[in-house]
Amino acid sequence: MSVESLKVPVTHAYVRPRTWTTYRSMIRESMVMGIVAFLVSFIFALFLVLHYHIVYGDALTRVLNAYYVIFRGNLHVAGIGFVWNPFPSLFELPFVMLHGLWTPILVDGLPANMVSSIFAGISVYYCNKTFQLFGISCPFRIIWSILFMLNPMMLLYGANGMSDSMMIGAFIAATEGALRFYKTQDLSALLATGMWLAVGLGLRYEAVPFATFLIAGLAIAMWRDRIRYSKIEGTVAILLFPIVCAGIVWMILNWMIMHNPLYFLNSQYGNSAQIAQGTYVTGLTTYADGNIWNAVVAAFGFTKLFLPIVITIPLIFLIALFSRRHHDGWIIVLATASVPLFRKR
């Protein structure tokens with residue numbers, strides 16, 4: 001299949017930069033917003049860790065896993081272990097190597113906070129680029145980027161060193177890439193989307209449902225544009241290839257070292273074992289488990305916390321369903337619809 005056959009006709013509402021100077025200015029704007037978001041998140045992280053001494057156990061454990069790779073006997077990447085996804089600890093390796101310069105770098109787990117802050121910056125960078133795709137004016141792009149950056153949940157998880165911010169950054173980057181490919185025929189955006197999905201798998205297993213729904217959304221949007229099935233199949237194959245390869249490599253490593261390709265899934269330390277032991281059981285899950293009405297009440301209670309999404313997602317779905325030209329809403333709706341599947345069960 002030729003590269004040209006994958007291109008989608010440019011019939012969508014995308015405002016192209018008129019000049020190279022304008023294009024560079026837009027890139028610079030996204031870069032500045034991303035850097036500001038990183039600095040805000042990391043300063044908040046220092047405040048949490050050094051002033052309030054708030055250190056999350058999971059984040060600190062990932063830092064220790066990175067430490068074991070270098071400073072515990074021979075250099076061995078297997079020191080990261082095969083329970084959690086490997087990328088958080090891998091990304092923290094350069095910062096762990098600096099632990100001799102300042103004690104809190106290791107004792108307080110600051111490398112985790114640094115990496116989560118970097119991904120907070122990545123999230124805002126790609127958010128701003130997404131706004132540019134839809135032709136939103138510069139003042140409103142900046143306002144919405146700042147609001148996203150200062151959202152209490154984004155601010156907390158961007159600073160606390162957990163993998164949630166890393167996951168969000170990878171998923172927003174993948175969504176922006178899918179939208180950019182759909183609107184501009186830019187094959188580099190398609191390849192970037194596939195790579196970000198693979199990175200997402202290295203960060204969190206929730207990348208699997210997210211990738212499934214995102215790819216389905218792009219395929220539906222192309223189908224609604226009457227694109228030939230062969231082109232849709234080629235696009236889906238390109239998107240699936242990196243994340244499938246990443247999953248195969250992860251299982252091969254589990255098999256070679258732990259003698260079980262699914263060790264990360266069914267070991268005594270994996271999520272399945274923790275769920276069986278009731279690690280994630282709370283009063284709310286006990287209340288909803290086995291009772292449809294209680295589950296509906298609990299779901300409605302959580303939904304009220306995300307009222308803007310409850311209002312906008314149905315509107316985007318209706319636009320995507322009935323519009324003859326603007327089908328990119330399918331990408332947004334299905335990527336968002338994958339979020340309920342992130343819950344551990």
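What follows is a short chat about a predicted model.

Q: What should I know about the numbering and the cut-offs?
A: Residues are numbered from 1 along each chain as its sequence is written.
A: Trp196, Leu197, Leu214, Leu218 and Ile331, in a core of 42 residues. A nonpolar core is a set of buried Ala, Val, Leu, Ile, Met, Phe, Trp, Tyr and Cys residues joined through side-chain atoms within 4.5 Å. Buried means under 20% relative accessible area, exposed over 50%, and partly exposed in between (1.4 Å probe, protein chains only).

Q: Which elements give two or more residues to this core?
A: H5, H8 (164–184), H9 (187–203), H10 (207–224), H11 (229–258) and H17 (329–337) do. The largest share, 11 residues, comes from H8. Helices (H or I, at least four residues) and strands (E, at least two) are DSSP runs, numbered from the N terminus.

Q: And what does Trp196 touch?
A: Leaving out residues up to four places away in sequence, Trp196 touches Phe119, Ile122, Tyr126, Ala170, Ala173 and Ala174. Contact here means heavy atoms within 4.5 Å.

Q: Switching to H2, which of its residues are buried?
A: Ala59, Arg62, Val63, Asn65, Ala66 and Val69. Seen down the axis of H2, they fall within an arc of 150°, so they line one face of the helix. That arc is taken from the directions from the helix axis to the C-beta atoms.

Q: What do they pack against?
A: The buried residues of H2 pack against helix H3 (87–96), H4 and H5.

Q: What about salt bridges, how many are there?
A: The structure holds 5. A salt bridge is a side-chain nitrogen of Lys or Arg within 4 Å of a carboxyl oxygen of Asp or Glu. One of them joins the side chains of Lys183 and Asp328 (2.7 Å, N to O).

Q: Where do those two sit?
A: Lys183 is in helix H8, and Asp328 is in the loop between helix H16 (307–322) and H17, 145 residues apart, which makes this a link between distant parts of the chain.

Q: Are Lys183 and Asp328 buried or exposed?
A: Both Lys183 and Asp328 are buried.

Q: Which residues are linked in a network of salt bridges?
A: Asp164, Arg204 and Glu206.

Key: Predicted model: local features only at pLDDT ≥ 70, side-chain atom pairs only at ≥ 80, totals over all residues. Heavy atoms only, no water.
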